[in-house]
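This report covers the overall fold of a protein and then turns to one of its helices. Please view the sequence and structure before reading on.

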Amino acid sequence: PGSAPTAAAMATVGETEDEPVAAPDPGNASGPDSEEGENGREVIQVVDSVDFWRVQLESIYRRRNPHKFDNIPALLEKYHGREVVLYIKVCQRYDLDPTMFYADPAAWAAEEGDTKADS
(Lines give C-alpha, C1' and ligand atoms only; values in the text may rest on other atoms or scores of the structure.)
Protein backbone atom coordinates (compact mmCIF):
# COMPACT_ATOMS: atom_id res chain seq x y z
CA PRO A 1 0.00 0.00 0.00
CA GLY A 2 2.39 2.79 1.09
CA SER A 3 6.11 3.16 1.31
CA ALA A 4 6.84 0.34 3.69
CA PRO A 5 10.56 -0.07 4.35
CA THR A 6 12.38 -3.00 2.88
CA ALA A 7 14.47 -5.34 5.01
CA ALA A 8 17.59 -3.83 3.43
CA ALA A 9 16.49 -0.31 4.34
CA MET A 10 15.76 -1.32 7.93
CA ALA A 11 19.13 -3.09 8.21
CA THR A 12 20.88 0.06 7.04
CA VAL A 13 19.46 2.10 9.94
CA GLY A 14 21.79 0.55 12.50
CA GLU A 15 24.75 0.87 10.15
CA THR A 16 24.52 4.64 9.66
CA GLU A 17 26.21 5.66 12.90
CA ASP A 18 29.41 6.73 11.12
CA GLU A 19 27.80 8.00 7.94
CA PRO A 20 25.15 10.76 8.09
CA VAL A 21 21.91 10.22 6.19
CA ALA A 22 19.54 13.04 5.32
CA ALA A 23 15.92 12.66 6.38
CA PRO A 24 13.20 15.12 5.37
CA ASP A 25 11.53 17.00 8.20
CA PRO A 26 8.25 18.69 7.29
CA GLY A 27 8.23 20.88 10.40
CA ASN A 28 10.50 23.35 12.06
CA ALA A 29 13.77 21.75 13.06
CA SER A 30 16.51 23.53 14.88
CA GLY A 31 20.05 22.82 15.88
CA PRO A 32 23.43 22.42 14.27
CA ASP A 33 22.49 19.23 12.41
CA SER A 34 19.81 20.84 10.26
CA GLU A 35 20.18 22.49 6.88
CA GLU A 36 17.96 23.57 4.03
CA GLY A 37 17.22 20.97 1.37
CA GLU A 38 15.33 20.91 -1.91
CA ASN A 39 12.30 23.19 -2.28
CA GLY A 40 13.39 25.18 0.79
CA ARG A 41 12.38 22.34 3.15
CA GLU A 42 14.46 21.73 6.24
CA VAL A 43 16.58 18.57 6.28
CA ILE A 44 17.93 17.02 9.47
CA GLN A 45 21.17 15.07 9.33
CA VAL A 46 20.50 11.69 10.94
CA VAL A 47 23.78 10.41 12.36
CA ASP A 48 22.62 7.51 14.54
CA SER A 49 19.61 5.33 15.22
CA VAL A 50 18.36 7.54 18.08
CA ASP A 51 18.21 10.51 15.69
CA PHE A 52 16.39 8.35 13.15
CA TRP A 53 13.67 7.36 15.64
CA ARG A 54 13.48 10.92 17.05
CA VAL A 55 12.73 12.25 13.56
CA GLN A 56 10.07 9.57 13.04
CA LEU A 57 8.39 10.34 16.38
CA GLU A 58 8.54 14.09 15.78
CA SER A 59 6.75 13.60 12.47
CA ILE A 60 3.95 11.65 14.14
CA TYR A 61 3.50 13.93 17.13
CA ARG A 62 3.66 17.04 14.94
CA ARG A 63 0.58 15.81 13.06
CA ARG A 64 -1.27 13.69 15.58
CA ASN A 65 -0.66 15.28 18.99
CA PRO A 66 1.40 18.51 18.93
CA HIS A 67 0.70 19.09 22.63
CA LYS A 68 2.93 16.11 23.48
CA PHE A 69 5.72 17.05 21.06
CA ASP A 70 7.92 18.35 23.89
CA ASN A 71 7.73 14.93 25.63
CA ILE A 72 9.73 13.20 22.88
CA PRO A 73 13.19 13.56 24.53
CA ALA A 74 11.85 12.08 27.79
CA LEU A 75 10.23 9.20 25.91
CA LEU A 76 13.46 8.47 24.04
CA GLU A 77 15.38 8.49 27.32
CA LYS A 78 12.86 6.14 28.94
CA TYR A 79 13.01 3.76 25.96
CA HIS A 80 16.78 4.07 25.36
CA GLY A 81 17.88 0.98 23.43
CA ARG A 82 14.22 0.09 22.78
CA GLU A 83 13.30 2.91 20.40
CA VAL A 84 11.62 0.49 18.00
CA VAL A 85 9.25 -0.63 20.77
CA LEU A 86 8.43 3.03 21.48
CA TYR A 87 7.79 3.72 17.80
CA ILE A 88 5.45 0.73 17.51
CA LYS A 89 3.52 1.83 20.62
CA VAL A 90 3.16 5.40 19.33
CA CYS A 91 2.01 4.16 15.92
CA GLN A 92 -0.56 1.89 17.53
CA ARG A 93 -1.78 4.72 19.79
CA TYR A 94 -2.42 6.97 16.80
CA ASP A 95 -3.74 4.21 14.53
CA LEU A 96 -0.72 4.30 12.20
CA ASP A 97 1.14 1.52 10.44
CA PRO A 98 4.43 0.89 12.31
CA THR A 99 6.03 -0.44 9.12
CA MET A 100 5.81 3.05 7.62
CA PHE A 101 8.34 5.81 8.30
CA TYR A 102 6.31 8.99 8.77
CA ALA A 103 9.20 11.44 8.35
CA ASP A 104 8.64 10.71 4.66
CA PRO A 105 5.70 12.87 3.59
CA ALA A 106 4.61 10.13 1.16
CA ALA A 107 3.85 7.87 4.15
CA TRP A 108 0.98 10.19 5.10
CA ALA A 109 -0.69 9.76 1.71
CA ALA A 110 -2.66 6.76 2.98
CA GLU A 111 -4.06 8.78 5.88
CA GLU A 112 -7.27 10.79 5.49
CA GLY A 113 -5.87 13.92 7.12
CA ASP A 114 -3.67 15.17 9.89
CA THR A 115 -6.00 13.93 12.62
CA LYS A 116 -8.40 11.02 12.93
CA ALA A 117 -11.70 11.02 14.74
CA ASP A 118 -11.98 8.97 17.92
CA SER A 119 -13.39 5.52 17.30
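## Overall architecture

The model is predicted. Its secondary structure consists of four helices and three strands, arranged along the sequence as α-β-β-β-α-α-α.

Of the 119 residues of the protein, 35% count as buried. The exposed surface comes to about 7500 Å², with carbon and sulfur atoms supplying 50% of it. Among contacts with a separation of 6 or more, 53% are between residues 24 or more positions apart.

## Helix α2

Helix α2 runs over residues 49-64. At the start of the helix, a side-chain oxygen of Asp48 comes to within 3.3 Å of the backbone nitrogen of Val50.

Because 12 of the 16 residues of α2 are buried, the helix is largely enclosed by the rest of the structure. The buried set includes the aromatic residues Phe52, Trp53 and Tyr61, and also holds Asp51, Gln56, Glu58 and Arg64. Ser49, Val55, Leu57, Ser59 and Ile60 complete it.

## Serine 59

Ser59 belongs to helix α2. Its relative accessibility is 2%, and it therefore counts as buried, the cut-off being under 20%. A polar atom of the Ser59 side chain lies 3.0 Å from the backbone oxygen of Val55. Val55 is also among the buried residues of α2.

Terms used
Residues numbered from 1 in each chain as written. Predicted model: local features only at pLDDT ≥ 70, side-chain atom pairs only at ≥ 80, totals over all residues. Heavy atoms only, no water. Helix = DSSP H or I, 4+ residues; strand = E, 2+ residues; numbered from the N terminus. Expected span 1.5 Å × (residues − 1). Buried < 20%, exposed > 50% of the residue type's maximum accessible area, 1.4 Å probe, protein only. Polar contact = N/O pair within 3.5 Å; in protein donor to acceptor, adjacent residues only side chain to side chain. Contact = heavy atoms within 4.5 Å. Areas by Shrake-Rupley, 256 points an atom, 1.4 Å probe, with all protein chains shown as cover.
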